[in-house]
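Please open the model in your viewer and keep the selection tool at hand. The tour goes from one selection to the next and says what is found at each stop.

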Amino acid sequence: MIILSFKTYKEATGEKAVFLSQIIKKVRFETGVEIIPAVQPTDIYRIKKEVGIEVWAQHMDPIDPGKNFGWLSPYSLKNAGATGVVINHSEHKNPDDQVKKILNKAKEYGLRNVVIGFNTEMVIKYNSWDPDYVSYEREDMIGGGISMITQEIENIKKLVKILKKPLIIGAGISTVDDIRQVLSLGAKGVILSSAFVLAKNPEEKLKELALIFKNNQ
């Protein structure tokens, strides 16, 4: 599994979000690898309607429809076409009690989910709450140009052995060697952003990464 975070990059907003989603659809079809964009809420409906692929929200709030001005409800996200949500990214952190509430609400609305922890203790805790996927991303290495895999091999091995849920790895993942190492350690997927969104040739880059997954299936 490859989760592609569009964040709020200009290169992944509006028409450009649709363009990148068309690339994802093409590469997913050609390789058979599960590739999911996590996009801004303003782009969910358009991507779902114009491209017709699975799309996740980058965040949501644990609320139901009603008097909640300025919040993101799972009802509205699902109605727009989202089928999943990323919970607790380092750029949109939540206290543990809120993480649990968001996760429970995602389950209530039938939204697939991945919960991100920034150290092994957090990952183990979130795993016990029964998400669909749990992700390990050291927040000090996100967007730093260095892959987390270079420093966290032993911790990843430890987590793969004890977790009930599939482990997703993020933070600096950008190359085929990163992907190979992630899979060789037993993790099931990656989260990445700028390596795809800001690539000179996003289609070529994504296909390169996806083929590593295909060859390990």
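Contact, a word needed at several stops, means heavy atoms within 4.5 Å. This is a predicted model, in which local features need pLDDT of at least 70 and side-chain atom pairs count only at pLDDT 80 or more, while totals for chains, interfaces and linings use all residues. Residues are numbered from 1 along each chain as its sequence is written, and side-chain values use heavy atoms, with hydrogens and water left out.

Select Lys188 to begin. Lys188 sits in the loop between H7 and strand S8 (189-192), where helices (H or I, at least four residues) and strands (E, at least two) are DSSP runs, numbered from the N terminus. Leaving aside residues up to four places away in sequence, Lys188 touches Met1, Pro166, Leu167, Ile168 and Phe213. With a relative accessible area of 52%, Lys188 is exposed; buried means under 20% relative accessible area, exposed over 50%, and partly exposed in between (1.4 Å probe, protein chains only). From Lys188 to Phe213 the sequence separation is 25 residues, and the C-alpha to C-alpha distance is 9.2 Å.

Next, select helix H7 (residues 176-184) together with helix H9 (residues 202-215), whose axes come within 9 Å and cross at roughly 25 degrees. That angle makes H7 roughly parallel to H9, since angles under 35 degrees count as roughly parallel, over 145 as roughly antiparallel, 65 to 115 as roughly perpendicular and the rest as oblique. Axes here are lines fitted to C-alpha atoms, for helices over the stretch in contact, and angles run from 0 to 180 degrees between N-to-C directions. Show the side chains of Val176, Ile179, Arg180 and Leu183 on H7, and of Glu208, Leu209, Ile212 and Phe213 on H9, which make the contact.

Now turn to the aromatic rings: how many aromatic pairs does the structure hold? There are 2 aromatic pairs, and rings of Phe, Tyr and Trp (its six-membered ring) pair if their centres lie within 6.5 Å, with planes under 30 degrees apart counted as stacked, over 60 as edge-to-face and the rest as tilted. Select Phe6 and Phe196, a tilted pair with 6.5 Å centre to centre and 35 degrees between the planes. Phe6 lies in the loop between strand S1 (2-5) and helix H1 (15-31) and Phe196 in helix H8 (residues 194-197), so this pair ties together parts that are 190 residues apart in sequence. Phe6 is buried at 0% relative accessibility, and Phe196 is buried at 1%.

Finally, select Tyr126 and Trp129, a tilted aromatic pair with 5.2 Å centre to centre and 45 degrees between the planes.
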